[in-house]
Amino acid sequence: MKDTTVGEQVDAPDNTAVRTALWRALHVQVDPAPHVVEDEVGLRIADPGEGWRERPDMDPRRTSGLRAAIAARARFIEDLIAEQADQGVTQYVVLGAGLDTFAQRKPEIASRLRIFEVDQPGPQAWKRRRLAELGYAIPEWLHLVPVDFEADEDWWERLAAAGFDPARPAVVVSTGVSMYLTEDATAATLRRIASLAPGSTLAMTFLLPLELVDEPDRPGLLASEAGARASGTPFLSFYAPQEMLRLAREAGFRDARHVSAGMHAERYFAGRTDGLRPSSGEDVVVATV
């Protein structure tokens with residue numbers, strides 16, 4: 001059964017979602033094997049035109065650290081989902097799904113789950129249309145859940161209406177979102193997720209304050225911040241790891257751990273001879289209920 005929405009507004013995804021998808025594809029196209037993640041589906045969905053690799057933000061050398069960080073983030077999440085599915089978890093929620101392609105690329109894992117992609121109605125309708133144009137059916141286990149955050153719609157209620165069962169364990173993932181939220185909004189989200197069934201897991205990325213970012217990576221963070229501000233979606237929040245761990249524990253999670261970019265480098269890039277390593281600046285908190 002496909003999700004359908006009548007009279008939906010169709011808006012292209014934001015620049016950040018597109019850039020992330022293109023960097024995942026660029027990793028496959030310009031970096032030598034082994035690839036940390038293989039994702040050119042997002043490129044096909046985004047359909048940026050033939051000259052996309054000529055964009056300044058796609059420069060292979062200048063953006064290598066950011067590209068590697070995006071690839072590592074995607075791989076870490078995929079490994080977490082596979083691990084949780086093997087442990088019997090059957091629900092996966094993606095908050096701010098953007099051009100996430102896990103359901104299309106990993107059906108052997110995804111089909112064992114009920115996946116709920118939560119995103120703004122316009123971009124999600126656009127993605128739905130592009131999936132159809134590319135021949136990707138929306139299977140019964142994939143639920144696209146439109147939530148108008150700007151109108152203060154309650155994502156929790158929309159999730160339940162789409163069939164999510166809060167009494168069953170779930171994996172909830174939020175990548176590239178917390179910097180756009182106030183600390184109060186992030187704390188409220190954490191409290192909601194901490195109320196899920198025991199055995200649930202959250203993975204949320206967060207940006208580090210500039211002084212905690214490796215010096216060579218600071219210009220990239222500053223450029224990203226300036227670009228976000230210019231596009232009308234400024235970064236609102238940065239967290240030291242101990243601050244994010246505190247927020248998770250105060251929200252009610254039983255346990256919380258910090259996963260740094262350096263840990264991604266050791267796990268996914270050790271032994272490479274091309275020097276490819278993820279830049280610092282964005283870390284992950286993994287919290288369990």
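Trainee: Where is Asp 47 placed, and why is Asp 47 called exposed or buried?

Mentor: Asp 47 sits in the loop between α2 and α3 of what is a predicted model. Its relative accessible area is 52%, and exposed means over 50%, so Asp 47 is called exposed.

Trainee: What is said about phi of Asp 47?

Mentor: Phi of Asp 47 is near 50 degrees, which is a positive value in a residue other than glycine.

Trainee: What makes a set of residues a nonpolar core, and how many residues has the largest one?

Mentor: The members must be buried residues of the listed kinds, such as Val, Leu, Ile and Phe, joined through side-chain atoms within 4.5 Å. The largest nonpolar core has 37 residues, and among those with the most contacts inside it are Val 93, Leu 159, Phe 253 and Val 285. Elements that give two or more residues to this core include β1, β2, α8 and β7, while the largest share, 5 residues, comes from α10. There is also a second, separate core of 34 residues, which includes Ala 72, Ala 85, Val 89 and Ile 138.

Trainee: Which residues is Val 285 in contact with, leaving aside its neighbours within four places in sequence?

Mentor: Among them are Leu 202, Met 204, Phe 206, Met 244 and Leu 245, and Arg 257 is another of these contacts.

Trainee: How many cavities of 30 Å³ or more does a search of the whole structure find, and what makes such a space a cavity?

Mentor: The search finds 1. The term cavity is used because a 1.4 Å probe fits there but cannot get out. About 30 Å³ of space lies in the largest cavity, and its lining includes Ile 81, Gln 84, Ala 85, Tyr 92 and Val 171. The largest share of that lining, 3 residues, comes from α3.

Technical notes
Residues numbered from 1 in each chain as written. Predicted model: local features only at pLDDT ≥ 70, side-chain atom pairs only at ≥ 80, totals over all residues. Heavy atoms only, no water. Buried < 20%, exposed > 50% of the residue type's maximum accessible area, 1.4 Å probe, protein only. Helix = DSSP H or I, 4+ residues; strand = E, 2+ residues; numbered from the N terminus. Contact = heavy atoms within 4.5 Å. 1 Å grid on protein atoms, 1.4 Å probe; cavity = no way out; pocket = protein on both sides within 12 Å on 5 of 7 lines; lining within 4 Å. Points joined across faces, edges and corners; volume = space filled by probe spheres on them.
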